[in-house]
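Please keep the sequence and the model in view while working through the numbered points.

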Amino acid sequence: MNSDFSFDLYIKEGAGAFVCGEETALMASIEGKRGMPTLRPPYPAQSGLWKYPTNINNVETFANIPSILYPPTFMASPTFPPTFMESPAFPPTFMGGVGGGQFTSLGTPKSKGTKVFALAGKIKKSGLIEVPMGIPLRDIIFKIGGGMKTASPFKAVQLGGPSGGCIPESLLDTPVDYESLVATGAIMGSGGMVVMDYETCMVDVARYFLSFTQKESCGKCTFCRIGTRRMLEILERIVDGRGRLEDLDTLHSLAISINQSSLCGLGQTAPNPVLTTLKYFRNEYEAHIIDQKCPAGVCKALINYTILENKCVGCTLCRKACPVSCIVGNPKQIHIIDQTKCIKCGMCIKVCKFGAVIT
């Protein structure tokens, strides 16, 4: 490698605050201050860490630099083994160093090179993957990931980490590049990719991710600090069966206000899980509110387990499996669930071999 390109990298371990994914908050944290974003300009390239011009990027970005700067002949070096990628569109010796020309030949006109994702969820092959920009989501999930690991079909994929968006099956042919993902309501973000099946409640997913971002808010912006709290309260009310139809309009209004009024990326993207689930899975919100049902059978407050008299054979398996002894009945007699004691654990429906227990 040409010595003109040489530089040293020093690693400083941070405290782990999610808001420090924002560059000015990260620099404040490195300087020993509380991790909170500041207004720009000045931009880090003008005045950054300790007022010096600063180049601040993700580790993944810096990791791509050697592959771009090394000459293509460096690919033959045994020091750098071939990549494990299975995609035929991905050169097998790419990570050995390819030069800028070959690097930019991968990807799309506006999103060059490759991207690393943490593929997880209801998928057969989970783990870290590196794919060329522009690859369809469908190829990642069903070719690289091997498809669904359960009998339940694909329902959605959540992209971009806790503040990412949920993309439905109808958009699986979306190419993975920055512009296309933003158009769906998701983001590239930290490279998280969580695959979900029909046993996943999208309302509960929105509640789960918003609870994380709400706790991680630094509190500097009123809309982020208070707005996400109000959104979370509404979502908690809906999954508890106490939602109102007007809550959906309130959620959307709060989400837009938080997005437009927050200072940093945490607040601006925190509403994404709610906005995308409202857009693509509104029927699930309405089922929770109107029908008092959780279609996925996840939200415990909306679940009632019942034993069908015409199917129960009195095998006692459900009674023996119940951890709180809320099922009564003698062998070979119809069993009954005491709803006042039931903790909605689902053990009865799991062990029943006759389909007698339903929700």
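1. The model under review is a predicted one, and the distance is computed from its atoms. The reasoning rests on a cut-off: a disulfide is counted when two cysteine sulfur atoms are within 2.5 Å. In general, a disulfide is a covalent bond between the sulfur atoms of two cysteines. C201 is also buried, because its relative accessibility is 2% and the limit for buried is under 20%.

2. C218 is likewise in no disulfide: the nearest cysteine sulfur, that of C264, is 6.2 Å away. With a relative accessible area of 16%, C218 counts as buried. How many disulfides does a search of the whole structure find? The search finds zero.

**The chain as a whole**

3. The chain has 13 helices and nine strands. Its C-alpha atoms fill a box of roughly 85 × 50 × 35 Å along the principal axes. Of its 359 residues, 43% count as buried. When contacts between residues at least 6 apart in sequence are considered, 58% of them join residues at least 24 apart.

**Strands**

4. Strand β5, residues 192–197, is mostly covered, with five of its six residues buried. Which strands pair with β5, and in what sense? Strand β1, residues 114–121, pairs with β5 in the parallel sense over four bridges. Strand β3, residues 154–159, runs antiparallel to β5, and five bridges join the two.

5. Individual residues show how these pairings are made. Between β1 and β5, L119 stands opposite M193, and the bridge partner of G121 in β5 is V195. For β3, A156 has M196 of β5 as its bridge partner.

6. Strand β1 also pairs with β2, residues 127–132; these two strands run antiparallel and are joined by six bridges. A hairpin of five residues connects β1 to β2.

**Helices**

7. Helix α11 covers residues 282–291, and its buried residues are E284, Y285, A287, H288 and I289. The elements that cover these buried residues include β3, α6 (202–216), α7 (222–239), α8 (246–261) and α10 (272–280). As a general point, an α-helix has 3.6 residues a turn, so residues three or four places apart point the same way. Just after α11, Q292 takes a positive phi of about 55°.

8. H288 is found in helix α11, and H288 is buried, with a relative accessible area of 0%. Which residues does H288 touch, not counting residues up to four places away in sequence? The contacts are C201, V203, I238, V239, K293, C294, P295, C299 and L302.

9. T213 belongs to helix α6. Is T213 buried or exposed? T213 is buried, with a relative accessible area of 0%. Leaving aside neighbours within four places in sequence, T213 is in contact with F18, P162, S163, L266 and A270. The C-alpha atoms of T213 and V19 are separated by 8.8 Å, although these two residues are 194 residues apart along the chain.

**Cavities and a pocket**

10. A search of the whole structure finds three cavities of 30 Å³ or more. The largest cavity has a volume of about 80 Å³. It is lined by 13 residues, and C322, C326, C342, C345 and C348 are those nearest its centre. By class, this lining comprises 11 nonpolar residues, one polar and one charged.

11. The second largest pocket has a volume of about 300 Å³. Its lining consists of 16 residues, and M27, E31, T38, G48 and K51 are the closest to its centre. This lining divides into seven nonpolar, four polar and five charged residues.

Notes
Residues are numbered from 1 along each chain as its sequence is written. This is a predicted model: local features need pLDDT of at least 70, side-chain atom pairs count only at pLDDT 80 or more; totals for chains, interfaces and linings use all residues. Side-chain values use heavy atoms; hydrogens and water are left out. On a 1 Å grid over the protein atoms alone, a cavity is a set of points where a 1.4 Å probe fits but cannot get out, and a pocket is an open set with protein on both sides within 12 Å along at least five of seven lines; lining residues have an atom within 4 Å of a point. Grid points are joined across faces, edges and corners, and a volume is the space filled by probe spheres set on the points. Ala, Val, Leu, Ile, Met, Phe, Trp, Tyr, Cys and Pro count as nonpolar, Asp, Glu, Lys and Arg as charged, and the others, Gly among them, as polar. Buried means under 20% relative accessible area, exposed over 50%, partly exposed in between (1.4 Å probe, protein chains only). Two strands pair if DSSP finds at least two bridges between them. Contact means heavy atoms within 4.5 Å.
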